[in-house]
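Here's a quick briefing to read with the model open beside you. Take a look at the fold, then work through the notes below.

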Amino acid sequence: MKRFLFYVVGLFVLTAGITLTIKSDIGAGAWDALNVGLSETIGFTVGSWVIIVGMILIIVNAILMRAWPDFFALITIIVTGIFIDFWLLTLFADWTISDVFIAYAIFAIGMILVGLGIAIYLQAKFAVIPIDGLMLAIHHKTGLSIRTSKTIGELIALLAAVILGGPIGIGTLAITFGIGPLVQFFYPTFEKMNA
């Protein structure tokens, strides 16, 4: 039950943070910019692209780890996609931010929630979001820190988002280089709570 709570609460917080960074219009995180760019270019909801891109990453992670694909990660990406569409299409559907200072404040809150959400849901030790699976695969294969491994994954997504014309901005760079340290900062606290 405790693990389940970490899992659901963490994903709920994470997706709320993702939505706030998208709605701030300062520049979404690299993976989110990729999903928004795909949504605007091809169609489907952002949450649908979270699921599609996640399926591709499940295969990539399996190749990197030389293991069977983590089919349980499908549950995680489906829940994540549903939560993102919930936030974007219901709660924040008609929400626009016109004041630049409020936009930066909303972005900062969103970024903190993303780092916090990742640190919480990872404690469940359940199937991770394939994006974080990539972070862990890089960490495992190279011995690099979680922070550096996360940043490498973000840079890969940033390149893809630029190619596909996703919403890139100053916020994208902040998330690319800031989310790894944020996860590293919050992770030990929730690791102790889960001990």
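Start with Tyr 121: leaving aside neighbours within four places in sequence, Tyr 121 is in contact with Phe 6, Tyr 7, Gly 10, Leu 11, Leu 14, Ala 127, Val 128, Ile 129 and Asp 132, where contact means heavy atoms within 4.5 Å. This is a predicted model, so local features need pLDDT of at least 70 and side-chain atom pairs count only at pLDDT 80 or more, while totals for chains, interfaces and linings use all residues. Residues are numbered from 1 along each chain as its sequence is written, and side-chain values use heavy atoms, with hydrogens and water left out.

**The core**

- Tyr 121 turns up again in the largest nonpolar core, which has 48 residues; Leu 14, Ile 118 and Tyr 121 have the most contacts inside it.
- A nonpolar core here is a set of buried Ala, Val, Leu, Ile, Met, Phe, Trp, Tyr and Cys residues joined through side-chain atoms within 4.5 Å. Buried means under 20% relative accessible area, exposed means over 50%, and partly exposed is in between (1.4 Å probe, protein chains only).
- At least two residues of this core come from each of α1, α2, α3, α4, α5 (100-121), α6, α7 (146-164) and α8 (170-193). The helices are DSSP runs (H or I, at least four residues), numbered from the N terminus.
- The top contributor is α5, which gives nine residues to this core.

**Helix α4**

- Helix α4 covers residues 73-91, and its 19 residues should span 27 Å at 1.5 Å a residue; the end C-alpha atoms are 26 Å apart, which agrees. The expected span is 1.5 Å times one less than the number of residues.
- Its buried residues are Ala 73, Thr 76, Ile 77, Thr 80, Gly 81, Phe 83, Ile 84, Asp 85, Trp 87 and Leu 88.
- The cover over those buried residues of α4 includes α1, α3 and α6 (130-142).

**Aromatics**

- There are eight aromatic pairs, counting rings of Phe, Tyr and Trp (its six-membered ring) whose centres lie within 6.5 Å; planes under 30 degrees apart are stacked, over 60 edge-to-face, and the rest tilted.
- One of them is Phe 12 with Phe 83, edge-to-face at 5.1 Å centre to centre and 80 degrees between the planes. Phe 12 sits in helix α1 and Phe 83 in helix α4, so this pair ties together parts that are 71 residues apart in sequence.
- Phe 12 is partly exposed at 34% relative accessibility, whereas Phe 83 is buried at 17%.
- Trp 87 and Phe 92 make a stacked pair, 5.8 Å centre to centre with 20 degrees between the planes. Trp 87 is buried at 9% relative accessibility, and Phe 92 is buried at 16%.
- One aromatic cluster takes in Phe 12, Phe 83, Phe 86, Trp 87, Phe 92 and Trp 95.
- Phe 86, from that cluster, is found in helix α4 and is partly exposed at 33% relative accessibility. Not counting residues up to four places away in sequence, Phe 86 touches Phe 12 and Leu 91.
- Phe 86 and Asp 32 are 54 residues apart in sequence, and their C-alpha atoms are 15 Å apart in space.

**How α2 meets α3**

- Two packed helices are described by the angle between their axes and the distance between the axes.
- The axes of α2 and α3 come within 9 Å and cross at roughly 115 degrees. Axes are lines fitted to C-alpha atoms, for helices over the stretch in contact, with angles running from 0 to 180 degrees between N-to-C directions.
- On the α2 side, Trp 31, Leu 34, Asn 35, Val 36, Leu 38, Ser 39 and Ile 42 meet Val 46, Trp 49, Val 50, Val 53 and Leu 57 of α3.
- Ser 39, in helix α2, is buried at 17% relative accessible area. Beyond its neighbours within four places in sequence, Ser 39 is in contact with Phe 44, Thr 45, Val 46 and Trp 49.

**Positive phi in the loops**

- Phe 44 is in the loop between α2 and α3 (46-65). Its phi is near 70 degrees, a positive value in a residue other than glycine, and Phe 44 is exposed at 59% relative accessible area.
- Asp 25 is in the loop between α1 (2-24) and α2 (30-42). Phi of Asp 25 is near 60 degrees, again positive in a non-glycine residue, and Asp 25 is exposed at 67% relative accessibility.
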